[in-house]
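Open the model in your viewer and get ready to click along.

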Amino acid sequence: MKLTIKDSQGNSQGELEVRFPLIENGKGTQAVHDVVVAYQAAQRSGTACTKTMGEVAGTGKKPWRQKGTGRARAGSFASPLWRGGGVVFGPKPRDFRKKVTKATKKLALWKALSERIRSGDVVVLEDLKIDSPKTKEFLRVRSALELDGTTLIVTSSPDANLTLASRNVSDVELATGEVVNT
């Protein structure tokens, strides 16, 4: 499949051949799901922590003797039944990351890109340069390219002017090719 290359004014500059095979409708859907779930799981901090009976500060002394008081048996002030005692089966710090193979990640990215290309959401630019870090200039280029709604701009290398000009636009995300994922 071929994509049209445009300049910053929206004029056609040629065509670009897609270098990976476009994925059919039925294949790759599960791979996309697995990769997105793994990505979201890796974003979790996993820092919740409670103290068990052994970690609660306190003495090892029995609260009262075993027999003769008329009260129930008690062996520790740190008992989970007591105020200030430990927590039974409470959360501990852990890692929520899930392992996804390289082949699955590649298939998922190809599937996501294939869907975007088929729906006509991908625009290839010859060169996206902005002379000064002005949001007005960035919005002029965006309107010339007819980019509506949420937009992801992928560049080959970071550009300071483009970063500064686009950061105040709410529905625009700027990224480099190395950090793009499914």
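Helices here are DSSP runs of at least four residues, numbered from the N terminus. Keep in mind as you go that this is a predicted model.

**Stop 1: helix 3.** Select residues 135–144, then highlight Phe138, Val141 and Arg142, which are buried. Why do they sit on the same side of helix 3? Because they cover an arc of only 100 degrees around the axis. Now turn to the other side, where Lys136 and Ser143 are exposed. To see what the buried residues pack against, show strand 4 (151–155), helix 4 (160–166) and strand 5 (172–176). Then step just past the end of helix 3 to Glu146, whose phi is positive, at about 60 degrees.

**Stop 2: a loop.** Select Ser79, in the loop that runs between helix 1 (29–42) and helix 2 (102–118). Is Ser79 buried or exposed? Its relative accessible area is 13%, so Ser79 is buried. Beyond its neighbours within four places in sequence, Ser79 is in contact with Met53, Gly85 and Gly86.

**Stop 3: the largest pocket.** This pocket has a volume of about 1600 Å³. Of its 44 lining residues, select those closest to the centre: Val122, Val123, Leu152, Ile153 and Val154. Colour the lining by type and you will find 24 nonpolar, 9 polar and 11 charged residues.

**Stop 4: the second largest pocket.** Here the space is about 280 Å³. Select Val35, Ala38, Tyr39, Lys105 and Asn181, which lie nearest the centre among 15 lining residues. Helix 1 gives the largest share of this lining, 4 residues.

Methods
Residues are numbered from 1 along each chain as its sequence is written. This is a predicted model: local features need pLDDT of at least 70, side-chain atom pairs count only at pLDDT 80 or more; totals for chains, interfaces and linings use all residues. Side-chain values use heavy atoms; hydrogens and water are left out. Helices (H or I, at least four residues) and strands (E, at least two) are DSSP runs, numbered from the N terminus. Buried means under 20% relative accessible area, exposed over 50%, partly exposed in between (1.4 Å probe, protein chains only). Contact means heavy atoms within 4.5 Å. The arc is that of the directions from the helix axis to the C-beta atoms. On a 1 Å grid over the protein atoms alone, a cavity is a set of points where a 1.4 Å probe fits but cannot get out, and a pocket is an open set with protein on both sides within 12 Å along at least five of seven lines; lining residues have an atom within 4 Å of a point. Grid points are joined across faces, edges and corners, and a volume is the space filled by probe spheres set on the points. Ala, Val, Leu, Ile, Met, Phe, Trp, Tyr, Cys and Pro count as nonpolar, Asp, Glu, Lys and Arg as charged, and the others, Gly among them, as polar.
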